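Reader: Hi! I'm new to this one, could you walk me through it?
Author: Happy to. Let's have a look together.

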Amino acid sequence: MGLFSWFRRSGDSSNTVIGIILLIVMLVFVGPNVIPGLLSRTFNFIDEGIPCTRLRTAEDRAAHQSLIGRLAQNPISLRVIPDTIPPFGSGSGMTFRIVISNETIGTVPIVFNEAQVIVNDDPNSSGFGLIFEPALPITTGGVRQPGLATFPEANIRLLGPRQRCVHRVDFRADQVDAAFRSVPVRVRAYYRVTGPGIIQSGVPGSRLIYGDQGLNIIRNGFLTSDPVLVPTPSQ
């Protein structure tokens, strides 16, 4: 009450109230997309989404799936945000952030395991990774199991409507010194899924509604981000 009385005494109550309403509208409709990105660009320790390891894990895909998510085609988008290449011999490593966004109003599943994010594409296995151009002698140490027809539900994560997550790929200083001696270098993030995932059995007592795990939502099973030039200190 005292605040609105002050507005009335100041003589510009209508303009102030309109300004507050416009600010709220901006935060609701613009903020979810713009503010997280602005904060992440301003403060390197802040990501624009939750860590992908904290996404919900799938449970009983035989009975629980989003119909909107199953019908979606190419519902996710990828971006990669590289660190600046440190000076040679500086003892500094590098981090590449993979941003995964759900562009739909449905919940969509992805195959994600942080121990299976790799460098270069393996057409016989599913998951996320980085592709460098030209190819570099660098590795995350990640290993995937090829040829899976059914995916462990612990490796199926759920992106909610309009949700995004971020995974940080860290490289040690010795790897960076060996790999980034020649520039320019471009990098892309990618996601590959080799099939929809066959349902082998449901949870005892639950209904068997779906015949697959609903992973076949990417055209041709392969998606990449736009290539990004890895910046050097001079840039």
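**A chat about the core, a disulfide and a sheet**

Author: Keep in mind that this is a predicted model. In the largest nonpolar core, which has 42 residues, the members that touch the most others are Phe-96, Ile-100, Leu-130, Phe-132 and Phe-180.

Reader: Which element gives the largest share of this core?
Author: That is strand E4, with four residues. Among the other elements that give two or more are strand E3 (76-82), strand E7 (127-133) and helix H5 (173-179).

Reader: And what does Leu-130 touch?
Author: Leaving out residues up to four places away in sequence, its contacts include Val-80, Phe-96, Ile-98, Val-169, Phe-171 and Tyr-190.

Reader: New topic: how many disulfides are there?
Author: The count is one. Cys-52 is joined to Cys-165, with an S to S distance of 2.1 Å.

Reader: Why is the disulfide right-handed?
Author: Because the torsion about the S-S bond of Cys-52 and Cys-165 is about 85°. Cys-52 sits in the loop between strands E1 (50-51) and E2 (56-57), while Cys-165 belongs to strand E9 (residues 164-171), so the pair ties together parts 113 residues apart in sequence.

Reader: Are those two cysteines buried or exposed?
Author: Cys-52 and Cys-165 are both buried.

Reader: Okay, sheets now. What order do the strands have in the open sheet of three?
Author: The order is E2-E8-E5, and the pairing is antiparallel. E2 and E5 are the edges with a single partner strand each, so one side of each has no neighbour in the sheet.

Reader: How many bridges join E5 to E8?
Author: Four. Across from Val-111 stands Ile-156 in E8.

Methods: Residues are numbered from 1 along each chain as its sequence is written. This is a predicted model: local features need pLDDT of at least 70, side-chain atom pairs count only at pLDDT 80 or more; totals for chains, interfaces and linings use all residues. Side-chain values use heavy atoms; hydrogens and water are left out. A disulfide is a pair of cysteine sulfur atoms within 2.5 Å. Buried means under 20% relative accessible area, exposed over 50%, partly exposed in between (1.4 Å probe, protein chains only). A nonpolar core is a set of buried Ala, Val, Leu, Ile, Met, Phe, Trp, Tyr and Cys residues joined through side-chain atoms within 4.5 Å. Contact means heavy atoms within 4.5 Å. Two strands pair if DSSP finds at least two bridges between them.
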